[in-house]
Amino acid sequence: MTMLSRIIEKGLLRAGRVSKLRIILQDRPGQLEQVSRIIGGNGANVMAIHHDRTDVDLDIRDAILEITMETQDREHAQRIIEALREAGFNVNG
């Protein structure tokens, strides 16, 4: 990654145009799809995703989902976080 791309990425994060979320979810079929539908349904774009079920601190039935998403601004990202929480997801954003 070049210095210029790092500067741009940091600027997007500060402006709320890019948000990173950490979600604890049940490790069962359909959970990733539901998260994706909520994010997309609220007009955001998923840029990167990491799914991990091997973290030693997790319950055996859970997984960690780390998502980087492109949003309009901080308020837009907060609306998505609230929608995810309303759907029952444990979100740290």
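First, the ground rules. This is a predicted model, where local features need pLDDT of at least 70, side-chain atom pairs count only at pLDDT 80 or more, and totals for chains, interfaces and linings use all residues. Residues are numbered from 1 along each chain as its sequence is written, and side-chain values use heavy atoms, with hydrogens and water left out.

Start with H2, residues 31-41. Helices (H or I, at least four residues) and strands (E, at least two) are DSSP runs, numbered from the N terminus. Which residues of H2 are buried? They are Gln-31, Val-35, Ile-38 and Ile-39. Seen down the axis of H2, these fall within an arc of 95 degrees, so they line one face. That arc is taken from the directions from the helix axis to the C-beta atoms. Buried means under 20% relative accessible area, exposed over 50%, partly exposed in between (1.4 Å probe, protein chains only). The face turned away carries exposed Arg-37 and Gly-41.

What do the buried residues of H2 pack against? Strands E1 (18-26), E2 (45-52) and E3 (62-70), plus helix H3 (74-86).

Now Phe-89. Not counting residues up to four places away in sequence, Phe-89 touches Ile-23, Leu-25, Gln-31, Gln-34, Val-35, Ile-38 and Leu-84. Contact means heavy atoms within 4.5 Å.

Last, Ser-19. Ser-19 sits in strand E1. Buried or exposed? Ser-19 is buried, at 13% relative accessible area. Leaving aside neighbours within four places in sequence, Ser-19 contacts Ile-67, Thr-68, Met-69, Thr-71 and Ala-77.
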